[in-house]
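Please find below a colleague's note on this model, arranged as numbered points.

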Amino acid sequence: PDELAAPLRDDVADLARLVDQLLLLARLDAQTAAETAREPVDLRALASGLAGALAPLALKTGRHLAFEDAAPTGVTGRREAVAAALRNLVENALRVTPEGGTVTIVAGPGARLAVRDEGPGLSSARLAELSRRGQRADHASVQGAGLGLAIVARIMAAQGGDLRSDQARRELVLDFR
């Protein structure tokens, strides 16, 4: 019946997200153990493409999604992993931004990507705490497993970069070296 179908679809979507996250963690562990080839990653194209892909989710939840080109440089890395890290930050930002607010994906300046939202911002200490597996923020959905920022931190470590917070600007930043 229809009244049972919608909650079941939501449960299946939540489980699919959890499985995707666990598979990503396993791949990252495997990549750390075995050196894999890196490729040029166009941060501008990656960020603008993700903004387009997640725009329907933003609209569905009553938020806006913007892209800002701040003259990024290219990096060498694993495109799929970088895209997963950025996607995770954007999805988190859409959750903490109040309805009607805007999440902005910023490519650049230089070898960096940032996600700016209208949430309260995270201190560096709080980001470090939330980057441990199983740690969940107050705004986290009850269906989440607390893996998101741990995955992002691991991706950035594998890329030779850092995940950091700029609390004053309400940004989480992926810094590449």
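Predicted model: local features only at pLDDT ≥ 70, side-chain atom pairs only at ≥ 80, totals over all residues.

1. A residue is called buried here when its relative accessible area is under 20%, and exposed when that value is over 50%. By that criterion, buried residues make up 39% of the 177 residues in the chain.

2. As to overall architecture, the chain contains five helices and seven strands, which follow one another from the N terminus in the order α-β-α-β-β-α-β-β-α-α-β-β. Of the contacts between residues at least 6 apart in sequence, 68% join residues at least 24 apart. The chain exposes about 9,200 Å², of which carbon and sulfur atoms supply 55%.

3. Helix α3, which covers residues 79-96, has 18 residues and reaches 26 Å from its first C-alpha to its last, close to the 26 Å expected at 1.5 Å a residue. Its buried residues are Ala81, Val82, Ala85, Leu86, Asn88, Leu89, Val90, Glu91, Asn92, Ala93, Leu94 and Val96. An α-helix has 3.6 residues a turn, so residues three or four places apart point the same way.

4. Glutamate 91, placed in helix α3, deserves a separate remark. Is this residue buried or exposed? Because its relative accessibility is 13% and the cut-off for burial is under 20%, glutamate 91 counts as buried. Leaving aside residues up to four places away in sequence, glutamate 91 touches Arg17, Leu54 and Leu57.

5. Alanine 114 lies in strand β5, which runs over residues 112-116, and this alanine is buried, with a relative accessible area of 0%. When residues up to four places away in sequence are not counted, alanine 114 touches Thr104, Ile105, Val106, Glu171, Leu172 and Val173.

6. The elements that give two or more residues to its lining are α1 (2-33) and α3, and the largest share, seven residues, comes from α1. In total 14 residues line this pocket, with Arg17, Asp20, Leu24, Ala84 and Arg87 lying nearest its centre.

Technical notes. Residues numbered from 1 in each chain as written. Heavy atoms only, no water. Helix = DSSP H or I, 4+ residues; strand = E, 2+ residues; numbered from the N terminus. Buried < 20%, exposed > 50% of the residue type's maximum accessible area, 1.4 Å probe, protein only. Contact = heavy atoms within 4.5 Å. Expected span 1.5 Å × (residues − 1). 1 Å grid on protein atoms, 1.4 Å probe; cavity = no way out; pocket = protein on both sides within 12 Å on 5 of 7 lines; lining within 4 Å. Areas by Shrake-Rupley, 256 points an atom, 1.4 Å probe, with all protein chains shown as cover.
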